[in-house]
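Let's take a walk through this fold together.

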Amino acid sequence: MPIPFDAHSHLPEVGGLEESAGRGDHLRVVCGTCEADWEAVLAHAAGDGRVIPMLGLHPWFADEASSTWAVRLESLLRAHPVGVGECGLDFARKDGDQTGQEAVFRLQLRLAHVLHRPVAIHAVRAWGGLIGLLREEGVPAGGALIHAYSGSPETARQLQAMGVFLSFSGDLLDPGRAKVRESLKAVAPRHLLLETDGTVDLKDVIEAAARIRGATMAELEVLTWENGRRCFKELLG
């Protein structure tokens, strides 16, 4: 019997929401976002068989990385059965180095290609750039998902056509996020994933998604379990 699948979360913070959201009888992807937490993610996964570990450099931290970050990341990826991410593009900050973000993301996509690993992608106000870059580099055969999807239904259809999974977060619980809800309806069943992002209870996300899509929670639990197994097939036995 499938158990719920959390397609994106982070290391739990002791006593905080992430600690409670990170617990429970479900399989969950835990992403590192910077050099400082990569070893902790590996240790967390080693102590919990329900954790699927990912290591990456988040666009928020791209300009703070050391000169050897890429060498260290590749070394850890080669030494451990882990995915790539969280990485991607975030153009919400006007003073952000978009060119630098693209270079960092492109390198991580190439690692995912070479090592045949799944990649977890962060994308905010960068949809055109993201799609263009994915067309140039190709979507990694090891699997790819956009976490906490916030783009339009049209963009969702373009990404699905490229073989990308779309994961929806606790934003579904916010009645003000109408576009996210419309995008959820536009996602084909084979491309749908759900997540906590480490901040909410997974059952609440599943319940909201079921209500919006006109499905049952049990149906979505089975569907997202199967999709999660496909997206992260390179890391699961």
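Start at glutamate 86, which sits in strand E4; helices (H or I, at least four residues) and strands (E, at least two) are DSSP runs, numbered from the N terminus. Keep in mind that this is a predicted model, where local features need pLDDT of at least 70, side-chain atom pairs count only at pLDDT 80 or more, and totals for chains, interfaces and linings use all residues. Residues are numbered from 1 along each chain as its sequence is written, and side-chain values use heavy atoms, with hydrogens and water left out.

What is the geometry of the peptide bond from glycine 85 to glutamate 86? That bond is cis, with omega near 25°. For context, most residues other than glycine have a negative phi, and most peptide bonds are trans.

Now zoom out to the sheet. E4 (residues 83-90) pairs with E3 (residues 51-55) in the parallel sense over 2 bridges, where pairing means that DSSP finds at least two bridges between two strands. Leucine 55 has valine 84 of E4 as its bridge partner. The sheet itself is open and has 8 strands, in the order E1-E2-E3-E4-E5-E6-E7-E8, with parallel pairing. At its edges are E1 (5-9) and E8 (192-194), each pairing on one side only. On average, neighbouring strands are turned by 30° against each other, direction ignored; axes here are lines fitted to C-alpha atoms, for helices over the stretch in contact, and angles run from 0 to 180 degrees between N-to-C directions.

E2 pairs with E1 in the parallel sense over 3 bridges, and serine 9 stands opposite valine 30. With E3, E2 pairs in the parallel sense over 4 bridges, and arginine 28 has valine 51 as its bridge partner there.

Next come the helices. H5 (residues 127-137) lies across E4, E5 (119-124) and E6 (144-146), running at about 145° to E5. H8 (residues 202-213) packs on the sheet and touches E1, E7 (165-168) and E8, with contact meaning heavy atoms within 4.5 Å; the direction of H8 makes about 145° with that of E8.

Glutamate 86 comes back at the largest pocket. Of the 14 residues lining that pocket, the closest to its centre are His10, Thr33, His58, Trp60 and Glu86. A pocket, on a 1 Å grid over the protein atoms alone, is an open set of points where a 1.4 Å probe fits, with protein on both sides within 12 Å along at least five of seven lines, and lining residues have an atom within 4 Å of a point. By class, the lining has 4 nonpolar, 5 polar and 5 charged residues.

Finally, check two loops. Alanine 148, between E6 and H6, has a positive phi, near 50°, and is buried at 15% relative accessible area. Aspartate 197, in the loop between E8 and H8, also has a positive phi, near 55°.

Note on methods
Nonpolar A, V, L, I, M, F, W, Y, C, P; charged D, E, K, R; others polar. Buried < 20%, exposed > 50% of the residue type's maximum accessible area, 1.4 Å probe, protein only.
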